[in-house]
Amino acid sequence: MSIPGNTRDRRPLRPANFRANDGQFRDTYVAGGDVVFAWSYRVKDGRGRAAGEQLAGVPVGEGVPTRQGRFRVRVLDADGETVLRTIYVDDDAATTTYTNAQIITDFIFEPAEIVAELVNLDGTWQSEARRITITKRT
């Protein structure tokens, strides 16, 4: 039974499998290249809050649950302290591109590492964050 006002009932579920540039060199980017972020998400099915009562949302076709709220990707400096760019994703695609032009604008150069953080937003609530580090490969 849910307790009214319990934040766990209201917070969106934490996105899963946050990654950059899928493939052989996952979580890396090449000089002059873009960073394509992707993730999976889960939504509450409305029948309860117990374990196993969430729908997995890997958006690949029909029957995929609709996201709860929207997603926010923050690009941070190498220390993970200063937010350099915020990208909002308002659809079920669960992917967004951070272009090389944006990287240069934000960092002035192509950094050795980029830290990114993902949350699911729903109204004034947000999920726990997922954080990754993307490394430049030569």
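Trainee: Which residue forms a salt bridge with Glu-117, and how far apart are the closest N and O atoms?

Mentor: A salt bridge is a side-chain nitrogen of Lys or Arg within 4 Å of a carboxyl oxygen of Asp or Glu. Here Arg-131 is the partner of Glu-117, with the closest N and O atoms 3.0 Å apart. Arg-131 belongs to strand S10 (residues 130-137) and Glu-117 to strand S8 (residues 113-122), so the pair ties together parts 14 residues apart in sequence. Helices (H or I, at least four residues) and strands (E, at least two) are DSSP runs, numbered from the N terminus.

Before going on, note that this is a predicted model, in which local features need pLDDT of at least 70 and side-chain atom pairs count only at pLDDT 80 or more, while totals for chains, interfaces and linings use all residues. Residues are numbered from 1 along each chain as its sequence is written, and side-chain values use heavy atoms, with hydrogens and water left out.

Trainee: Is Glu-117 buried or exposed?

Mentor: Buried means under 20% relative accessible area, exposed over 50%, and partly exposed in between (1.4 Å probe, protein chains only). Glu-117 has 14% relative accessibility and therefore counts as buried. Arg-131, at 47%, is partly exposed.

Trainee: How many salt bridges are there by this rule?

Mentor: The count is five. Among them is the bridge between Asp-90 and Arg-70, at 3.6 Å from N to O. Asp-90 sits in the loop between strand S6 (83-89) and strand S7 (95-98), and Arg-70 in strand S5 (residues 70-76), 20 residues apart. Arg-70 also lies over the face of Tyr-88, 4.2 Å from the ring centre. For that, CZ of Arg or NZ of Lys must be within 6 Å of the ring centre and within 35 degrees of the ring normal.

Trainee: Which residues of helix H2 are buried?

Mentor: An α-helix has 3.6 residues a turn, so residues three or four places apart point the same way. In H2 (residues 100-107), the buried residues are Asn-100, Ile-103, Asp-106 and Phe-107. Down the axis of H2 they fall within an arc of 125°, so they line one face of the helix. The arc is that of the directions from the helix axis to the C-beta atoms. Exposed Ala-101 and Thr-105 are on the face turned away from the buried side.

Trainee: Which residues of the largest nonpolar core touch the most other members?

Mentor: In soluble globular proteins, nonpolar side chains tend to be buried together. A nonpolar core is a set of buried Ala, Val, Leu, Ile, Met, Phe, Trp, Tyr and Cys residues joined through side-chain atoms within 4.5 Å. The largest one has 22 residues, and Phe-18, Val-35, Phe-37, Trp-39, Tyr-98, Ile-114 and Ile-134 touch the most other members. Strand S3 gives the most to this core, with five residues.

Trainee: What are the distance and angle for the rings of Tyr-41 and Phe-71?

Mentor: A pair of aromatic rings is described by the distance of the centres and the angle of the planes. Rings of Phe, Tyr and Trp (its six-membered ring) pair if their centres lie within 6.5 Å; planes under 30 degrees apart count as stacked, over 60 as edge-to-face and the rest as tilted. There are four aromatic pairs by this rule. For Tyr-41 and Phe-71 the centres are 5.5 Å apart and the planes at 50°, so the pair is tilted. Tyr-41 is in strand S3 and Phe-71 in strand S5, 30 residues apart.
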